[in-house]
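Have the sequence and the 3D view ready.

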Amino acid sequence: MLRVRRLAIALPFLLGAAAPRASAQQPPDPLAPVTVAMAAAERALADDERQIAESRYRDALYAGWMVVGATASADGRFKDARDAFSHASTAIVDSGDALQSLAMVDLRLDDGEAAVKILTKLVAAHPRDAALHRLLAQALVAARQPEEAVQILVEAHGTAPDDMETAFALATGYLRVNKMDAAHALFEQLAAARPRAETYVLIGRAYRDAGRYEEARVALRKALTMNPRVRHAHYYLGTAAVMQEGVVRVEEAIGEFQKELAIEPGDPAASLLLGMAFVEAHRDREALPFLKEVAARPGAGTREYQYLGRCELALGNPQGAVDAFRKALATAPAVPTESQLGNLHYQLAQALRAAGDADAATSEFAIAAASAADRADTRRDTLERYLTEDGDAPGASMPAFSLDAGATMRLTPEERATLVQRVRTALARAYMNLGIMQAQESQFARASDLLRSAADLDPSLPRLQYSLGVACFNAQQFGPAAAALERALVDDPGNADARRMLALASLNTQAFARAAELLKADPETARNPTLQYAYGVALVHSGQAAQAESLFSSLLSTHADNPELNVLLGEAHAEQGDFDGAVAALQRAITLKPDVADANRTLGVIYMKQGKLADAAASLRAELKSHPDDVVARYTLATVLEMNGSQGEAIDELSRVLQARPADADARYLMGKILLERGSAADAVEHLEIAARLAPRDANVHYQLGQAYQKLGRGAEAKKEFDRVQELKAERRGGSE
Amino acid sequence: MIGAILLTLALQAQAPSAPPARAAVPDRAALLARAGEAVQQGNRAEAKRLLEIAGRDRQSVRALLQLAHLQLEDRETAAAMQTLVKARQLAPNSEDVLSAIAELSLAGRAAVPAILTLESMTRLYPDEARYSYLLGVALMGAGDLPAAIDALRKANTLQPGQRLTLLALGLAYNNQKLFTDAYPTLRKALDLDPDSVETIAALSEAEAGTGDLNAAERDAARAIARAPQNATANLVLGMVRLAQQRYPEARDVLLIAAQADPASPKPEYQLSLVYARLGDQASSDRHRQQYQEKLRAMEASLAALHPATRTPGK
């Protein structure tokens, strides 16, 4: 490897954020906090107040990622939202809102454990925040820790006994863990404190959700006694009937839903359930107006269209059914359950057949057949299943939290997409300038991370690729440096510095042909012996032996006994597979100068390739004796030791490699792999997670990380890694085609 | 060979490194310049006055950091902390400001602010080993050993082979009675710094914990030879003497250990055992009581700590 010293290059900041113009008439721009923070950062840079600049850029990152998270939440893209809130939470010190949003998204993604981890810390930091306690309790329930949830609520209730929401949540928690007496007592206290019909409706709903239908009916009827027009009481009575005994009591449910609609005509939830109940009761003609009404509302979803489709089909309108089922499929959730989708395809196929479109029906039947088990489950796709598995809007088992997407909720999806693009560009600028600040402090590894983040968001920012190339080069991350510099040259082909750096980066990544091509075209090569030498190396290793020989002949004619040149000759022989010639030249170099750099390392590599592991280890140790800082030799020695079964020694060597180069992805990978083999999965994960960050496209790293997670019982994370392996393999296959 | 090449690649700046967008605020720049001159002339009071004005009236974090630096040099620790708090109000997410606060808090044994600051820093800079190390040290100072071990292990993963990290990790393992983990860790620390008395003493504790009393006695004696008042080494030697039933010698070294680390309950517990063996029940009871008091004090300080790592339901 060609070692180069760091390059002193001044990188320019990308300035130009304009402060938002205030306007009383215009609605607030969701991007305003980002723009304000960017403008403040740039003012601070101009004033040479770097600490303030850093702080404000981080504010901009926080505000920007929060907007991205909010828009993703509004669009139902919860994985993207999680990613965005995760970035926001690591942008600034006081990131409680981001962490809370992250926990909420984790809950939406059914990852209760992750939410618990975050909320536990937040609750500890805000011990008097009852809402946070309730959210933590909700997360604990999702993580199947209902007892712990109750304990958290007991604490919160003790701190704020007059907080009715917490008291209600605690009583509901008691129901969940079957502490009926405690629940009854708390509900009585609540009813005494708020002796209103609405209170009994809430209590009735809580009993219903806990499957205590008789208690639910008593509470709901009490509510109706106090106020015959109280909302939702009839609704919950209807749902309780179906939840308890299924469609057997569907007529009773229909009666209750009709009473609910008499109190609140057009209520969407009651209209939907009444429509569904009519379908289940085969009273399709009565169902149709209700289902048409709910399906026509903005935001109508899969369930509305699916029941409308069933209703239309039963009424002999197959084309109407086809239309409705197609809409049901189009609005299916981002991560639908297999059974729901399979069933929808099956129902669509039936409608298509009835409409006379046999080909399309066959195709849909085939899709549905892929989940045959789901078809068998069709009979369960009833009102009962909807109520017991999906929950109904006003009566979910826990009070529904709202992921407040703020102003972004008022935007159309298209406006949100435009907004996100603007935010991404702003974020990229903030990352870029933070990266340049780090580069100016010679923190090149950090700089390259930040600049890479900028490039991920908006690779087309002016001079971003060049800055990234410089930072990576100086952080000795030659692969990424070469990639970034190649892109920089596309935009600025005349940039001689970029070309030269690219040549050297290519040399270090063994892209010798590219290095030779660039150095040949560089007028500086003829004048600069160092570059001439590098050119020679590139020629040797790129199979251009004739040109290399000519170059080296002229060099050897004046430096025949030069040990370094003999090492180079040895490397040239080795490169061409002439190991005997290589060994001879290298040994001559060692004879001329026993501690000549790289000779023993190259011998070690040759012996390793020949399978002479003991000789390889001896040569590499000899190299390290005279050049203990040769990290490549040490890493190679670790590899040889690992191949030889000396895992303990390999770990010692890798520790020293990582001491010198903490960001060495190969060393992290090998360390993790060995630790995993030795049964230290937790330690392995620590290294492999870093390796995955450093080399996110290395399938081997993700595979080992998946294995490590699996050994630790972290199944969801393991699956994610194995999925990533498959993705990378698929990409590679795609790339090779 | 190739590595011996020194590249003399002189790349010229592509654009001005200083941002050209706006001229610096003259007052601020002038104040900073005058403060610099005052320092050079040895007039530190004037320098501090000017920097304070720049911080207060011109919102200069640069000035406040320089002021805190001068205050620390003049041992005005409380004033320095106040200055840094002002800097944090202006730049709450600045690494320079946060790390200065964390280090000053640590130096002043203010565990809670140090921990809170370092927890944020490990979130903002997850790959920076130094902050995980400092967090581990702060957590150790607060007595939260399990959390300290997590932080120190992370530091050791991010940047392996740092002697101070290894020593701190070894000490934390010892405190948690994880002696089989402590031993190899401290062995490595000693390889990196063979003259460290603290490491030798900690190693002797790990050896005693794993039952290797001969090695423990040897290493404790080595540490005491270099630092006769070393608390850990005297404690270990006392435990070894107790095991050897050499009670008067055990008592003498344990008394040194108790005096050297008056907050630690460990020597008190061992002294209560020794005095009981010596038939001095009154002294034994007194030391047992002191042990319990010190243990309670330690638990109280831990309870006062921001319970960031607590587990629900526990």
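**From chains to a helix pair**

Chain B has a secondary structure of 16 helices and 0 strands. Here helices (H or I, at least four residues) and strands (E, at least two) are DSSP runs, numbered from the N terminus. Before going further, please note that this is a predicted model, in which local features need pLDDT of at least 70 and side-chain atom pairs count only at pLDDT 80 or more, while totals for chains, interfaces and linings use all residues. Residues are numbered from 1 along each chain as its sequence is written, and chains are lettered from A and ligands numbered from 1 in the order in which they are written.

Chain A comes to 40 helices and 0 strands. How much of each chain is buried? A residue is buried if 20 or more other C-beta atoms, placed from the backbone, lie within 10 Å of its own. By that count, 50% of the 737 residues of chain A are buried, and for the 314 residues of chain B the figure is 47%.

Contacts tell us about the fold as well; two residues are in contact if their C-beta atoms, placed from the backbone, lie within 7 Å. Taking contacts between residues at least 6 apart in sequence, 48% of those in chain A join residues at least 24 apart.

Finally, look at helix H9 (residues 163-175) and helix H11 (residues 197-209) of chain B, whose axes come within 10 Å and cross at roughly 35 degrees. Such axes are lines fitted to C-alpha atoms, for helices over the stretch in contact, and angles run from 0 to 180 degrees between N-to-C directions. Residues of H9(B) in this contact are Leu167(B), Gly170(B), Leu171(B) and Asn174(B). From H11(B) come Glu198(B), Thr199(B), Ala202(B), Glu205(B), Ala206(B) and Gly209(B).

Key
Buried ≥ 20, exposed ≤ 12 C-beta atoms within 10 Å, placed from the backbone.
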